[in-house]
Amino acid sequence: MKKSNAFLMITILIGLVFISFGCSEETETPKKTTKSVHAVQINTKEFQRVVGWLSKESVLLQTKKSETTSFVELNIYTGKKRAIFNTKDSISEVQISPDYRNILLYSASSEKKAQMRVVAVNDGITIASKETKPLSTNFYWNDESPEKIMIVTYSPDWNFQIENWDYTLNQVNKVNIDSPFVSWYADNLVVSNNKDKPDDELGNLYLQDIRDNSSKSLIVANIMQFAVHDNVLITMEKYSDKKLLYEFRTVGFQNFYSYNTAREYDELGTFIPYFDANFDKNAFFTFEPYESTKINGTQNEYKLVKIDPTNKKEKTIMNLMDNEPILSYETGDLMLYGYLFDRVIDTKTGKMYNLINTPTKSF
């Protein structure tokens with residue numbers, strides 16, 4: 001009798017274990033495979049802009065409150081913020097270094113004095129600074145040598161001066177280039193679009209070694225605009241009266257892919273839509289008009305296109321878009337979008353998300 005009762009109890013316990021195990025499998029919540037962009041609520045008067053990417057999951061946020069401008073790292077998935085730097089100076093320009101480790105701030109403390117300052121992202125410490133006059137200035141960071149920044153300064157009569165600032169050595173050297181339309185190509189190599197007149201539509205693209213003023217060679221003639229990233233050169237050229245041509249070139253400037261689109265134009269020349277300046281060999285993004293037309297002052301709509309020059313493929317990501325700035329992270333599928341970079345586009349799914357919500361936002 002005792003053996004029968006013991007056997008019965010063991011059988012019941014085993015049954016309960018299997019029932020419990022089965023229930024736990026049926027009620028287990030599936031794990032999420034993708035992350036969602038977290039829209040952050042910010043007061044309209046405080047929000048200035050999203051500057052750009054700091055990592056695959058975070059961006060640099062600029063806000064202003066009570067005359068103090070703040071720079072904050074914002075995680076796009078969690079909404080978590082980390083303060084980096086504050087200043088009461090009037091900010092004119094902000095750029096993130098190619099290695100995402102530093103921030104360049106150009107600010108004016110008075111009508112007669114301005115300052116260029118390099119701030120470390122990890123701790124907000126100023127690692128280099130340079131005083132200058134508050135003039136119109138463009139900055140170009142060297143991808144291969146992030147300690148070098150090319151500075152193009154315009155005088156009130158729009159003459160220009162070009163300097164190379166190595167902020168780790170605290171050295172500033174004048175650069176003799178005949179055009180202010182410049183970009184780094186390598187450590188000491190610069191490409192420039194030389195035009196007979198500043199408002200000419202077409203110019204000639206030259207390669208120059210800044211260590212040797214005599215070392216200058218013609219790369220491509222009759223281009224409109226150009227861009228450089230990871231030793232890939234892309235030029236925008238006039239293919240025909242109704243077509244715009246994108247030419248992709250590798251090291252040595254040999255063409256490896258060509259892509260032509262509809263062209264918008266007027267008496268001043270060709271209108272070139274925004275494109276992603278952070279492109280690589282497999283992903284160049286730009287806005288493309290649906291048809292060739294003369295610009296008439298009305299807001300046109302565009303399609304966002306991904307061009308893969310390496311594999312010779314093109315794909316439409318989104319339709320009926322406004323032509324506004326775009327910026328991707330070099331190893332990610334997300335792209336910042338808008339004049340304030342306050343929206344995010346998923347280039348794989350073709351969906352757009354708000355990154356910043358303000359009370360007056362209308363979309």
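Strands are DSSP runs of E with at least two residues, numbered from the N terminus. T137 is found in one of them, strand β10 (residues 136-141). The model is predicted. It holds 15 aromatic pairs and 15 salt bridges.

**Aromatic rings**

- A pair of aromatic rings is described by the distance of the centres and the angle of the planes.
- Y246 and Y259 form a tilted pair. Their centres are 6.5 Å apart, with 40° between the planes.
- Y246 lies in strand β20 (residues 243-249) and Y259 in strand β21 (residues 255-262), so this pair ties together parts that are 13 residues apart in sequence.
- Both Y246 and Y259 are buried.
- F279 and F284 make an edge-to-face pair, because their planes stand at 80°, and over 60 degrees counts as edge-to-face. Their ring centres are 5.3 Å apart.
- F279 and F284 are both buried as well.
- These two pairs belong to one aromatic cluster, formed by Y246, F248, F256, Y257, Y259, F275, F279 and F284.

**Charges over rings**

- K195 has its charged end over the ring of F181, 4.9 Å from the ring centre.
- K216 has its charged end over the ring of Y206, 4.7 Å from the ring centre.

**Salt bridges**

- Side chains of opposite charge can pair when their charged atoms come close.
- E73 and R82 form a salt bridge, and their closest N and O atoms are 2.8 Å apart.
- R82 is partly exposed, at 31% relative accessibility.
- E267 and K294 form another salt bridge, with 2.7 Å between the closest N and O atoms.
- E267 sits in the loop between β22 (264-266) and β23, while K294 is in strand β25 (residues 293-294), so the bridge ties together parts that are 27 residues apart in sequence.
- E267 is exposed, with a relative accessible area of 64%. K294 is partly exposed, at 43%.
- R343 and D342 meet through their side chains in a salt bridge of 3.6 Å, N to O.
- R343 counts as buried because its relative accessible area is 11%, under the 20% limit. D342 is buried too, at 8%.
- A network of salt bridges links E324, D342 and R343.

**A nonpolar surface patch**

- Y274, Y339 and L340 form a nonpolar patch on the surface. Together they have about 310 Å² of accessible area.
- Y274 is in the loop between β23 (269-271) and β24 (284-289). Y274 is partly exposed, at 35% relative accessibility.

- V121 lies in the loop between β8 (114-120) and β9 (126-132). V121 is buried, with a relative accessible area of 8%.
- V121 and I103 are 18 residues apart along the chain, and 6.6 Å separates their C-alpha atoms.
- Leaving aside neighbours within four places in sequence, V121 is in contact with L54, R82, I84, Y100, R101, N102 and I103. One of these, R82, is the salt-bridge partner of E73.
- T137, in strand β10, is also buried, at 12% relative accessibility.
- T137 and V152 are 15 residues apart along the chain, and their C-alpha atoms are separated by 5.6 Å.
- Beyond neighbours within four places in sequence, T137 is in contact with Y106, I151, V152 and T153.

Notes: Residues are numbered from 1 along each chain as its sequence is written. This is a predicted model: local features need pLDDT of at least 70, side-chain atom pairs count only at pLDDT 80 or more; totals for chains, interfaces and linings use all residues. Side-chain values use heavy atoms; hydrogens and water are left out. Rings of Phe, Tyr and Trp (its six-membered ring) pair if their centres lie within 6.5 Å; planes under 30 degrees apart count as stacked, over 60 as edge-to-face and the rest as tilted. Helices (H or I, at least four residues) and strands (E, at least two) are DSSP runs, numbered from the N terminus. Buried means under 20% relative accessible area, exposed over 50%, partly exposed in between (1.4 Å probe, protein chains only). A charge sits over a ring if NZ of Lys or CZ of Arg is within 6 Å of the ring centre and within 35 degrees of the ring normal. Patches are made of residues with over 30% relative accessible area and no salt bridge: like charges are joined within 9 Å, nonpolar side chains (Val, Leu, Ile, Met, Phe, Trp, Tyr) within 5 Å. Accessible areas come from the Shrake-Rupley method with a 1.4 Å probe; for residues, only the protein chains shown count as cover. A salt bridge is a side-chain nitrogen of Lys or Arg within 4 Å of a carboxyl oxygen of Asp or Glu. Contact means heavy atoms within 4.5 Å.
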